Amino acid sequence: VLFHTPWVQLPFEYYLRRIRSDLVLQSTPLPLFDNNQLEPLVTPDQLANIDAAVGDRARVWLVYSHFWYSDPDRRVPQQLQRIMPYCTAKNFYWDIEVWLCTTP
């Protein structure tokens, strides 16, 4: 599970770890509290973190929120779709999307 906004990962860590200890939860583009920023702006060089996080996984979830501020060009889902071309998204509110991406 990838989280675009690092601080959004916190409730998932708390609740999902009790249910599924085998899930890998990771923030993108930067880990929580790097550079003391809760919502760091996405830069092109940080998109490589997505490649590393996906690796050879067959399925990746992306919790994509607050992108209007930190990723207005929507680079994160574009990068994920380059790696895993089969993606669907569900909108839960005006700034919350959950993406499921898989490999062929």
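Glu97 is found in strand β5. The model described here is a predicted one.

**Surroundings of Glu97**

With a relative accessibility of 10%, Glu97 counts as buried, because buried means under 20% relative accessible area. Its side chain makes a polar contact with the side chain of Trp99, at 2.8 Å. When neighbours within four places in sequence are left aside, the residues in contact with Glu97 are Leu62, Val63, Tyr64, Phe67, Arg74, Lys90 and Asn91.

**Gln9 and Val63**

The C-alpha atoms of Gln9 and Val63 are separated by 8.7 Å, and the two residues are 54 residues apart along the chain. Gln9 lies in helix α1, which covers residues 9-19. Gln9 has a relative accessibility of 10% and therefore counts as buried.

**The disulfide**

A search of the whole structure finds 1 disulfide. This bond joins Cys87 to Cys101, with an S to S distance of 2.1 Å. Cys87 belongs to strand β4 (residues 86-93) and Cys101 to strand β5 (residues 96-102), so the pair ties together parts that are 14 residues apart in sequence. The torsion about the S-S bond is about 120°, and the disulfide is therefore right-handed. Both Cys87 and Cys101 are buried.

**Distances between residue pairs**

| Pair | Atoms or groups | Distance |
|---|---|---|
| Cys87 and Cys101 | S to S | 2.1 Å |
| Glu97 and Trp99 | side chain to side chain, polar contact | 2.8 Å |
| Gln9 and Val63 | C-alpha atoms | 8.7 Å |

How values were computed. Residues numbered from 1 in each chain as written. Predicted model: local features only at pLDDT ≥ 70, side-chain atom pairs only at ≥ 80, totals over all residues. Heavy atoms only, no water. Disulfide = S-S within 2.5 Å. Helix = DSSP H or I, 4+ residues; strand = E, 2+ residues; numbered from the N terminus. Buried < 20%, exposed > 50% of the residue type's maximum accessible area, 1.4 Å probe, protein only. Polar contact = N/O pair within 3.5 Å; in protein donor to acceptor, adjacent residues only side chain to side chain. Contact = heavy atoms within 4.5 Å.
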